[in-house]
Amino acid sequence: KTPKTIDGYGSILLPNSYIAISTDIANIAATYRHGELYQVAALPSMPDGEGNIVLADTAGNIFDEVNYSSKMHFGLLKDLNGVSLERIDNEQPADNLGNWHSASEQVGWATPGLPNSAARSISTDSESLISLNSEVFSPDNDGFEDQLEIGYNVDEAGYVANVTIFNAKGLKMRTLVNNQLLGTSGFWAWDGLDDNNRRVPTGIYVIYCELFDLDGKVKKEKKVCVVATKM
């Protein structure tokens, strides 16, 4: 595909600042609460269903890249029109599907030129095999603890992971990870949905993680979380 130039004059974007780039900033300003907006003449085609976005300099050095899909949105949303797909933690890899979430309804489904409504820091540092960002979460897309991040930390790369979620009665609700090859650290995300893309009932759930490698080493750990409903 033919790349599009954002700025041919070398404007400065300071650290920890935000800007929304669009071919129609007037429409964005009229639709959303927004921060700084920047008008450009053209942008690459970005189909709603799926696509690839690359950010690079004029020498072709790639700063960031993501392959996106509408399946990365919150599973209970029926209408995705006008809903932004937001990166949660800029320090975590863009190719981790769990690092993306739909913008919150409470902010109008987008925050152009402002911090993402889903933004937060995801820690994968722990002495345990797996760790949870919170023991309680509420998958209602209000922008606060909408999904459960499950961090992992192992002594060496090459483990294969299976992660399964059970309810308090021991019934399997979700196969979250199936035979996934791991690095030494990272995370997975559970959106509170079961294998049939239905929201699980409010209650206690068990996260069961099993890791194994080609040498026969096996690591297992369980964590407990609560799926809550906001009153």
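Asp64 is partly exposed, at 30% relative accessibility; partly exposed lies between buried (under 20% relative accessible area) and exposed (over 50%), with a 1.4 Å probe and protein chains only. This is a predicted model, where local features need pLDDT of at least 70, side-chain atom pairs count only at pLDDT 80 or more, and totals for chains, interfaces and linings use all residues. Residues are numbered from 1 along each chain as its sequence is written, and side-chain values use heavy atoms, with hydrogens and water left out. The structure holds eight salt bridges. A salt bridge here is a side-chain nitrogen of Lys or Arg within 4 Å of a carboxyl oxygen of Asp or Glu.

**Asp64 and Arg87**
- Asp64 pairs with Arg87 in a salt bridge, with 2.5 Å between the closest N and O atoms.
- This pair links distant parts of the chain, 23 residues apart: Asp64 sits in strand β4 (residues 62-69) and Arg87 in strand β5 (residues 85-87).
- Strands are DSSP runs of E, at least two residues long, numbered from the N terminus.
- Arg87 is buried, at a relative accessible area of 11%.

**Glu210 and Lys220**
- A salt bridge joins the side chains of Glu210 and Lys220, at 3.9 Å from N to O.
- Glu210 belongs to strand β13 (residues 203-212) and Lys220 to strand β14 (residues 218-227), so the pair ties together parts ten residues apart in sequence.
- Glu210 is partly exposed, with a relative accessible area of 25%.
- Lys220 is exposed, with a relative accessible area of 52%.

**The network at Asp213**
- Asp213 forms a salt bridge with Lys217, and their closest N and O atoms are 3.7 Å apart.
- Salt bridges link Glu156, Asp213 and Lys217 in a network.
- Asp213 counts as buried, at 12% relative accessibility.
- Lys217 is partly exposed, with a relative accessible area of 35%.

**Nonpolar surface patch**
- Ile6, Leu13, Ile19, Ile21, Leu43, Met46, Ile53, Leu55 and Phe63 make a nonpolar surface patch of about 750 Å².
- Patch residues have over 30% relative accessible area and no salt bridge; like charges are joined within 9 Å, and nonpolar side chains (Val, Leu, Ile, Met, Phe, Trp, Tyr) within 5 Å.
- Accessible areas come from the Shrake-Rupley method with a 1.4 Å probe, and for residues only the protein chains shown count as cover.
- Leu55 lies in strand β3 (residues 50-56).
- At 42% relative accessibility, Leu55 is partly exposed.

Methods. Helix = DSSP H or I, 4+ residues; strand = E, 2+ residues; numbered from the N terminus.
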